[in-house]
Amino acid sequence: MTNALIPEQLTLLVRQAKRIAILTGAGISAESGLPTFRDAQTGLWASYRPQELATRAAFQRNPQLVWDWYAWRRQLVLQASPNPGHLALAALQRRTPELTLITQNVDGLHQLAGSQGVIELHGNIRRVKCFDDDQLVDPWQETADGSPPRCPRCGGLLRPDVVWFGENLPLQALEQARAAAMHCDLFFVIGTSGVVEPAASLPRLALNHGATIVMINPEHESSVRSGMIMIGAPAGVALPAMLEAAWPDSEPFTAPGRTAE
Ligand code: BJW
């Protein structure tokens, strides 16, 4: 079966793939109401300067400002639910022999949708860690006056467990992501502008190791050429359409999510 959005070639590739790897970015959570970073007008960086909020130096300069900004974003995340794009990826994992989901997102919505073994390259805004020694602190509590809480072990300030500019990505996560890119048949790039390294180099790595690349992004023109399929549509539309085209006789895939970890 095919439909106007999903090329027949993609339907066949998805059904036959033994190993799929997927890189997601902020765009997949846009339909859950979470702002992206670089979309004109609505992206976070249209209103805020990354140097003042998403670096170690910014936190050292003004911990309260950075803490408040992340507290605001954490609230948005806690109120958000997985959308049909997240749910379709969880369903795709249940139908594929091996699927590795790599995300740059810090919102945890893939896990809530039911995806297993999600590789978080940029951390998770729901967690906090000590600014001084990087050790996770769990459980933790907001302070009564909204100031950044202190580490119960050393008294250092707590910060969100996310990866800021200039910081290294978690090594094991990055190695697992690179291995998945090198060994997959199909590599999906969904809802990312592909400008932030080292995540931005993963599609090239997959391509160089023989994978077909599938890009899903409403800013792209749809096209099919050797080694590359582009779907110019929102993830929450394209991914359910792709599943329905590949497995037309299956049960609806929108299984309920589970609670946050
Ligand atoms: C939809 C949609 C819908 C909308 N459906 N799609 C090599 C060369 C140059 C620079 C560097 C380099 N190596 C390292 C660097 C420096 C830096 C970097 O890459 N800078 C570039 C920006 C120039 N990288 C780092 O510092 C990284 N660390 C590192 O590499 O350490 C070693 C090192 C350091 C320094 C030098 C050399 C080596 C760390 C990067 C950390 C990124 N952190 C952030 C913040 C996380 C915490 C937080 O949430 O606040 O991560 S920045 C931000 O960007 C966030 C995102 O994960 C990341 C990527 O953004 P994403 O997801 O692509 O979002 P957008 O908004 O850009 O795109 C959304 C897309 O969705 C758009 O295309 C829309 O069209 C689309 N869309 N609706 C589908 N419905």
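Analyst: We shall take the sheet, the ligand and the salt bridges in turn. Please keep in mind that this is a predicted model.

User: How many bridges join β1 to β7, and how many pair β1 with β2?

Analyst: Strand β1 (residues 19-24) runs parallel to β7 (residues 186-190), and 5 bridges join them. With β2, β1 pairs over 6 bridges, again in the parallel sense. Strand β2 in turn runs parallel to β3, to which 2 bridges join it.

User: Why is β2 described as largely enclosed by the rest of the structure?

Analyst: Burial is read residue by residue along the strand. Because 5 of the 6 residues of β2 (residues 98-103) are buried, the strand is largely enclosed by the rest of the structure.

User: Let us turn to the ligand. Which residues come nearest to it?

Analyst: One lists the surrounding residues and then looks for particular contacts. There are 35 residues around the ligand, and Arg-38, Tyr-70, Glu-167, Thr-192 and Ser-193 come nearest.

User: Which atoms of the ligand lie 2.8 Å from an N or O atom of Ala-26 or of His-122, and which lies 2.7 Å from Glu-167?

Analyst: An oxygen atom of the ligand lies 2.8 Å from a backbone N or O atom of Ala-26. For His-122, an N or O atom in the side chain is 2.8 Å from an oxygen atom of the ligand. For Glu-167, a backbone N or O atom lies 2.7 Å from a nitrogen atom of the ligand. On its own the ligand has 1,500 Å² of accessible area, and the protein covers 76% of this.

User: How should I read the salt bridges, and what is their count?

Analyst: Side chains of opposite charge can pair when their charged atoms come close. In this model the count comes to 9 salt bridges. One of them joins the side chains of Arg-159 and Glu-167, at 2.7 Å from N to O.

User: Are Arg-159 and Glu-167 buried or exposed?

Analyst: Residues under 20% relative accessible area are called buried. Arg-159 is buried, at 0%, and Glu-167 is buried, at 17%.

User: What is the case for Arg-49 and Glu-52?

Analyst: Arg-49 forms a salt bridge with Glu-52, with the closest N and O atoms 2.8 Å apart. Arg-49 is partly exposed, at 48% relative accessible area, and Glu-52 is partly exposed, at 38%.

User: Which residues are linked in a network of salt bridges?

Analyst: The network links Glu-120, Arg-127, Lys-129, Asp-134 and Asp-161. The side chains of Lys-129 and Asp-134 meet at 3.4 Å, N to O. Lys-129 counts as buried, at 10% relative accessibility, whereas Asp-134 is partly exposed, at 42%.

Key
Residues numbered from 1 in each chain as written. Predicted model: local features only at pLDDT ≥ 70, side-chain atom pairs only at ≥ 80, totals over all residues. Heavy atoms only, no water. Near = heavy atom within 4 Å. Polar contact = N/O pair within 3.5 Å; in protein donor to acceptor, adjacent residues only side chain to side chain. Areas by Shrake-Rupley, 256 points an atom, 1.4 Å probe, with all protein chains shown as cover. Salt bridge = Lys/Arg side-chain N within 4 Å of Asp/Glu carboxyl O. Buried < 20%, exposed > 50% of the residue type's maximum accessible area, 1.4 Å probe, protein only. Pairing = 2+ DSSP bridges. Helix = DSSP H or I, 4+ residues; strand = E, 2+ residues; numbered from the N terminus.
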